[in-house]
Amino acid sequence: MEDRPQLHSALASYELDDDLIVYDEQSSEGFVLNATAAHIVQLLDGSRTVAAVARVIAQEYGVEYQQALTDVRELISELREASLLATDVAAANPEDRAALVPGAIHRD
Amino acid sequence: MRHWFRVRSTATNSTYTIDALGLRVAFSGPRRYLAATKLLFPRAGRARPLSSGEPITLQIEESPTGSGHCRVTMDGSLVTATSGDAEVLPLLESAVAQAVIDRVQGRYFLFHAAAVAYQGHGLLMPGASGSGKSTLAGALVAAGCQYLSDEIAALDPESLRLTLYPKSVCAKEGGYQALASGWPGRATPTPQLRANGERIWYLAPPATSWARTPVPVRHVVLPRFVLGADVSIARIPRATGLSQLIEQTFAPGPREAWGVARLVEMLRQANCWELRFGDTPQAAALLLATIADHSDTDRRRSSDGR
């Protein structure tokens with residue numbers, strides 16, 4: 001079965017300019033996503049595969065599909081590392097979670 | 001056991017009371033220390049405290065031996081002993097700050113930041129020690145701003161307004177040189193000594209320069225003092241301002257979910273800037289000119305949109 005990632009439900013998010021502030025209430029950590037990353041995150045709703053998200057990004061931003069796929073995978077990897085994806089909640093031991101500072105995910 | 005710490009003579013003692021964010025603080029001790037304390041906290045407290053919280057008492061006691069040693073107690077418990085007069089004011093500053101952080105954090109977000117008001121707009125300037133925020137606050141006051149704080153900026157999380165923290169500007173040597181001539185007779189005549197050995201001066205802004213009412217935050221400015229650097233200012237993302245504010249908070253409120261939400265709300269109505277400078281008066285002038293220009297642009301946009 002293909003991976004259909006989504007952010008876990010204990011996250012609060014706030015739009016600020018073009019950025020998206022994502023706040024993890026479980027870890028009390030905040031993250032800043034730039035406009036592109038924020039858009040990708042909005043597409044990660046659990047219904048789309050990674051490939052499907054990459055296709056949307058490629059079309060909307062006018063980039064090669066392969067490039068979009070690389071970027072989407074990279075962001076998902078960072079989100080997973082920060083334990084922000086739904087599947088991470090059950091799997092991750094809070095004590096094992098990487099200590100991140102606000103703004104750690106700031107894709108420019 | 002030798003009790004060598006005793007009040008030398010109660011006849012020379014006095015009391016001075018201030019109101020720090022609703023916390024009533026009474027200083028008690030020899031008159032000469034209280035005279036200095038009035039330079040550190042120049043605004044005497046109101047007849048009645050703003051809050052019903054317990055007041056605190058800071059007692060200064062000097063050694064009867066005349067050695068210059070003294071000790072400070074808070075509500076009867078020893079805060080620390082000092083080895084000379086020059087250490088007393090920094091000690092009082094630190095003790096009051098800690099008491100405020102401990103007891104007032106439920107009512108205010110407290111940031112390691114300077115703050116001033118300009119034409120009714122609050123400028124919040126978070127920064128670590130050495131960023132130049134205190135001297136910048138002093139220079140902004142000298143340029144016509146109203147003073148709110150140079151060290152602890154208090155934000156009401158409900159109204160999102162900044163409130164005065166009634167302590168004088170604390171400047172290091174460079175800042176003292178820049179500010180003292182503009183405020184004659186309002187600075188400690190000799191340097192004071194922090195526990196880490198750092199030499200500082202306290203400068204009391206003129207009485208008319210203290211902000212009388214809380215003001216909404218309209219600008220978040222990140223001061224970046226760089227020795228010898230040209231003065232420059234640049235808009236930065238509000239998210240960067242948010243990160244800095246969270247980094248420079250004294251108490252957990254702004255790091256909690258509702259706190260982040262309130263800061264985001266505040267930042268949506270504010271502009272964020274990074275101000276690099278080597279010359280503080282020039283930096284103050286550029287910042288105020290930029291803000292005025294920005295306000296004009298906003299007014300024109302608003303007018304065109306009607």
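In the hairpin of β2(A) and β3(A), four residues lie between the strands, and Ser28(A) adopts a positive phi near 55°. Helices (H or I, at least four residues) and strands (E, at least two) are DSSP runs numbered from the N terminus. The model is a predicted one, in which local features need pLDDT of at least 70, side-chain atom pairs count only at pLDDT 80 or more, and totals for chains, interfaces and linings use all residues. Residues are numbered from 1 along each chain as its sequence is written, while chains are lettered from A and ligands numbered from 1 in the order in which they are written.

Two strands pair if DSSP finds at least two bridges between them. β2(A) is joined to strand β3 (residues 29–33) of chain A by five bridges in an antiparallel arrangement, with Leu20(A) opposite Leu33(A). Six bridges link β2(A) to strand β1 (residues 11–16) of chain A, also antiparallel, and here Leu20(A) is the bridge partner of Glu15(A).

A residue is buried if 20 or more other C-beta atoms, placed from the backbone, lie within 10 Å of its own, exposed if 12 or fewer, and partly exposed in between. Six of the six residues of strand β2 (residues 19–24) of chain A are buried, so this strand is largely enclosed by the rest of the structure.
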